[in-house]
Amino acid sequence: FANAAARAIMRDDDGIGFSNKGPVIRHAAARQQFNTILSGFLNDTLDAPLRPGGQVFVPRPTGRLPYSLLIRRLSATDEILSQSGMAPAAMIFLHDPVGVVAPDTEYLAGAFGLTPRETDLAMALYAGDSLQDHADKRGIRVSTVRYHLYHAMAKMGVRHQSDMVRLLARLTPPVN
């Protein structure tokens, strides 16, 4: 399984592609490191301790910053089943330091009941704008932006602006 953001990254095929067996890492050394990490917790021999996982940086042919793959072993007690009915052994987190993937605005508005202005502000903060930046871009006062921020945070169940941004970073819209 790959979410929409991971599929988009792999579709670009800039160092990482996708096959029916999973991710395809184009760089030989990164591929070897990835396979070594996987074999470290897929090995079921009694003389080899299971390892929790690791991290691999995947160089990109375009010269952009490398992808980061964080590989984590799933324990046998996890009740996650793949579509094939087999229990998965690993979870891979793929991070592109160049492309910031933001939550879908309709999903965000629907999930928390945000108004269009609150949604716009949340996305601006997620993109790194300050309250003043947002106010300047919209031609409104900072006090108006703070008003929208206060209401958006209340609806999202967070107390601080930084908590809002962290929550947005964790959101993954449903795959259509």
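This is a predicted model: local features need pLDDT of at least 70, side-chain atom pairs count only at pLDDT 80 or more; totals for chains, interfaces and linings use all residues.

Who touches whom here? On the α4 side you'll find A122, L125 and Y126, and they meet Q161, M164, V165, L168 and A169 of α7. Sorted by class, this α4–α7 contact has 7 nonpolar residues, 1 polar one and no charged ones.

## Another partner for α4

Helix α4 (residues 116-126) also packs with helix α6 (residues 142-156), at an angle of about 90 degrees and with the axes 9 Å apart. That angle is why α4 and α6 are roughly perpendicular too. From α4, the contact takes in R117, E118, L121 and L125, while α6 brings V145, H148, L149, H151, A152 and K155. The class count for α4 with α6 is 5 nonpolar, 2 polar and 3 charged residues.

Notice L125: this residue turns up in the contact with α6, and it is also on the list for α7.

## Rings and a charge

What about aromatic pairs? A search of the whole structure comes up with 0 of them. There is a charge over a ring, though: R60 sits over the face of Y67, at 4.0 Å from the ring centre.

The protein chain has a mean pLDDT of 81, with 79% of its residues at 70 or more. Confidence is highest in α6, at a mean of 96, and lowest in helix α1 (residues 4-12), at 80.

Then there's the stretch of residues 77-84, where pLDDT stays under 50. For those residues the model has 6 contacts beyond four places in sequence.

Technical notes: Residues are numbered from 1 along each chain as its sequence is written. Side-chain values use heavy atoms; hydrogens and water are left out. Axes are lines fitted to C-alpha atoms, for helices over the stretch in contact, and angles run from 0 to 180 degrees between N-to-C directions. Helices (H or I, at least four residues) and strands (E, at least two) are DSSP runs, numbered from the N terminus. Angles under 35 degrees count as roughly parallel, over 145 as roughly antiparallel, 65 to 115 as roughly perpendicular and the rest as oblique. Contact means heavy atoms within 4.5 Å. Ala, Val, Leu, Ile, Met, Phe, Trp, Tyr, Cys and Pro count as nonpolar, Asp, Glu, Lys and Arg as charged, and the others, Gly among them, as polar. pLDDT is the predictor's confidence in each residue, from 0 to 100. Rings of Phe, Tyr and Trp (its six-membered ring) pair if their centres lie within 6.5 Å; planes under 30 degrees apart count as stacked, over 60 as edge-to-face and the rest as tilted. A charge sits over a ring if NZ of Lys or CZ of Arg is within 6 Å of the ring centre and within 35 degrees of the ring normal.
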